[in-house]
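Notebook open, model loaded. I'm going through this one from the whole chain down to single residues.

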Amino acid sequence: MAFSGPWVGVFVEDQPDVSAVLSAYNQQGDPALYEEYYSGLKHFIECALDCHRAELSQLFYPLFVHMYLELVYNGHENEAKSFFEKFHGDQECYYQDDLRVLSSLTKKEHMRGNETMLDFRTSKFVLRISRDSYQLLKRHLQEKQNNQIWNIVQEHLYIDIFDGMPRSKQQIDAMVGSLAGEAKREANKAKVFFGLLKEPEIELPLDDEDEEGENEEGKPKKKKPKKDSMGSKSKKQDPNAPPQTRIPLPELKDSDKLDKIMNMKEATKRVRLGPDCLPSICFYTFLNAYQGLTAVDITDDSSMIVGGFADSTVRVWSVTPKKLRSVKSAADLSLIDKESDDVLERIMDERTASELKILYGHSGPVYGTSFSPDRNYLLSSSEDGTIRLWSLLTFSCLVGYKGHNYPIWDTQFSPYGYYFISGGHDRVARLWATDHYQPLRIFAGHLADVTSTRFHPNSNYVATGSADRTVRLWDVLNGNCVRIFTGHKGPVHSLAFSPNGRFLATGATDGRVLLWDIGHGLMVGELKGHTDTIYTLRFSRDGEILASGSMDNTVKLWDAVKAFEDLETDDFTTATGHINLPESSQDLLLGTYMSKSTPVTHLHFTRRNLLLAAGAYGPQ
């Protein structure tokens with residue numbers, strides 16, 4: 001686990017010696033009394049009233065870690081070992097991985113290059129506790145003159161005190177579990193423009209076939225106003241939307257306008273989903289994928305599918321009868337009449353037509369792939385530390401972006417194209433533009449690998465999920481972190497924004513899907529049911545259904561409308577920063593669909609709301 005990535009290096013360079021970071025452990029308390037101090041506190045908390053016990057129990061883990069590290073740093077190896085043996089079993093199960101790393105730090109020398117160690121030292125562990133519980137703790141420690149623990153509380157912990165009722169065990173359990181405790185409430189107070197940008201006005205040409213279709217499908221047409229109220233196609237400016245010019249976005253080309261018209265036509269034939277009308281699911285299984293499938297993406301119009309593989313290849317398939325073709329050579333292009341109506345068809349070389357194109361260039365497994373919205377480009381990110389931009393007209397590599405020095409776990413194009421985001425083992429996410437070889441923004445703040453990245457539908461924000469078990473929302477304009485969401489108990493591998501931009505769904509190795517209200521910065525739901533890592537999440541086109549795909553070989557469908565409709569705003573306004581989550585998520589589960597032995601790597605709703613799923617078959 002120990003590596004001296006650039007992020008760790010920053011600390012080492014800024015402070016002439018890591019010992020500056022560690023010197024805080026120089027408190028020469030009597031090592032023999034550490035067990036007694038901890039046992040005393042444990043006894044006090046266990047005997048406290050129920051309402052305070054749950055909140056004060058949050059102290060066990062950070063105090064345990066800091067007391068152990070203090071013993072190790074001051075050379076009391078045997079006492080440290082005994083302390084660890086005696087109390088590590090009391091910690092919550094979701095800290096097991098951290099404790100495993102901790103148990104390997106048994107000498108002062110081990111502490112110098114260890115990333116987990118430095119994280120713990122440089123970021124204060126955040127606990128959210130009601131004022132009553134905090135006063136109780138303070139009084140106890142001062143009466144006992146238990147300075148050792150009081151010093152650690154003051155030096156290494158950040159206690160976010162709120163007025164009001166103490167939280168219940170269930171409320172606390174939903175929110176804790178990340179490397180640095182919970183987020184401070186202040187971290188989620190900044191204003192976020194979560195609304196959608198106004199759609200450009202494009203006249204929809206009606207042909208005869210459409211007019212007939214309208215009469216036949218009169219009913220779905222009447223339901224359309226609901227979509228307008230969500231703001232996605234409304235002519236009015238969404239009050240929560242950012243100004244149109246807040247960040248520069250590429251201008252629409254004629255081909256983009258044609259695509260938008262196609263999209264709008266498809267939308268008129270879209271199936272309205274709901275508990276009584278679930279989507280059909282079409283599963284693309286990669287058979288005999290002995291190269292090791294590591295990433296999948298599907299174009300917005302569902303015409304192409306790409307797979308990233310562990311053998312460092314990127315493979316693009318056409319999933320329509322139309323084959324993939326490259327543009328003709330320069331000599332052949334000069335013979336074409338540029339004015340003809342079908343010039344776009346004529347420039348394609350029929351001799352190159354095939355269902356599959358293989359792109360070579362990476363020198364390590366490909367962990368992330370993303371098509372551009374206009375389907376002319378493809379991004380791939382790899383263990384080799386580069387992101388490559390491929391042309392889907394020539395099926396060749398146009399640019400290699402170098403900036404991460406370590407594996408890049410994910411990359412994604414902005415919904416408007418031009419910008420893209422990447423996240424990797426160096427703990428930062430980078431924002432790029434296709435025509436710049438250097439990143440435009442570097443989003444630093446996660447304490448471990450950035451494992452997943454997603455653009456907000458309005459392209460002004462990006463969300464990142466990390467192995468530090470938190471999700472952060474970043475402002476593209478200034479690079480600031482505007483939201484920190486804690487609650488997952490394992491690395492976060494999937495993110496999905498609702499189509500209206502108000503909500504975010506996140507999935508992790510803990511098998512839970514958490515739902516977040518972006519505007520208020522609060523967790524508003526917890527969907528339990530998967531038994532393994534959730535690798536992919538996707539909302540249906542109008543946001544009625546959330547689909548989740550997991551390593552447990554299942555796709556689950558959840559009622560997103562119901563999950564978000566019962567939010568009581570009185571709860572939001574309480575200063576405590578938490579709401580009561582419903583006890584059971586089973587009434588939100590609309591269906592579970594099992595594959596024989598195929599983990600679900602990717603999900604995609606077509607423009608008509610057919611659900612496409614993809615994964616590589618793994619024999620049992």
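I call it a contact when heavy atoms come within 4.5 Å. With that set, I looked at contacts between residues at least 6 apart in sequence, and 62% of them join residues at least 24 apart.

**Ground rules.** I'm working on a predicted model, where local features need pLDDT of at least 70, side-chain atom pairs count only at pLDDT 80 or more, and totals for chains, interfaces and linings use all residues. Residues are numbered from 1 along each chain as its sequence is written, and side-chain values use heavy atoms, with hydrogens and water left out.

**Confidence.** I checked pLDDT, the predictor's confidence in each residue, from 0 to 100. The protein chain averages 84, and 84% of the residues score at least 70. Residues 1-18 fall below 50, and I found 31 contacts for this stretch beyond near neighbours in sequence. Residues 208-234 also stay under 50, with 28 contacts in the model beyond four places in sequence.

**Whole chain.** I take helices (H or I, at least four residues) and strands (E, at least two) as DSSP runs, numbered from the N terminus. The tally is 19 helices and 31 strands. For burial I use relative accessible area: buried is under 20%, exposed over 50%, partly exposed in between (1.4 Å probe, protein chains only). Buried residues come to 53% of the 620 in the chain.

**Cores.** Which residues touch the most other members of the largest nonpolar core? I define such a core as buried Ala, Val, Leu, Ile, Met, Phe, Trp, Tyr and Cys residues joined through side-chain atoms within 4.5 Å. The core has 43 residues, and Leu 59, Phe 64, Phe 83 and Leu 102 come out on top. Helix H5 (residues 60-73) gives the most to this core, with 11 residues. A second, separate core has 19 residues, including Met 175, Phe 194, Val 492 and Trp 516.

**Asp 98.** Asp 98 sits in helix H7 (residues 96-103). Is Asp 98 buried or exposed? Its relative accessibility is 10%, so Asp 98 counts as buried. Past four places in sequence, Asp 98 touches Tyr 61, Leu 179 and Arg 469.

Residues 401-432 are 0% helix and 59% strand, with the end C-alpha atoms 9 Å apart. Residues 485-518 are 0% helix and 59% strand, and there the end C-alpha atoms are 10 Å apart.

**E14 and E15.** Strand E14 (residues 408-413) has five of its six residues buried, so it is largely enclosed by the rest of the structure. I count two strands as paired if DSSP finds at least two bridges between them. E14 pairs with strand E15 (residues 419-424) in the antiparallel sense over five bridges. Phe 413 stands opposite Phe 420 in E15. Five residues lie between the strands of this hairpin, where Gly 417 takes a positive phi near 75°.

**Positive phi elsewhere.** Arg 375 has a positive phi of about 65° although it is not a glycine. I placed Arg 375 in the loop between strands E10 (366-371) and E11 (377-382); it counts as partly exposed because its relative accessibility is 21%. Ser 459, also not a glycine, has a positive phi of about 70°. Ser 459 lies in the loop between strands E18 (450-455) and E19 (461-466), and at 0% relative accessibility it counts as buried.

Four bridges join E30 to strand E31 (residues 611-616), running antiparallel. Leu 603 has Ala 613 as its bridge partner in E31. Tyr 617 lies in the segment after E31 and, at 28% relative accessibility, counts as partly exposed. Beyond four places in sequence, I find Tyr 617 in contact with Thr 285, Phe 286, Leu 287, Lys 596, Ser 597 and Thr 598.
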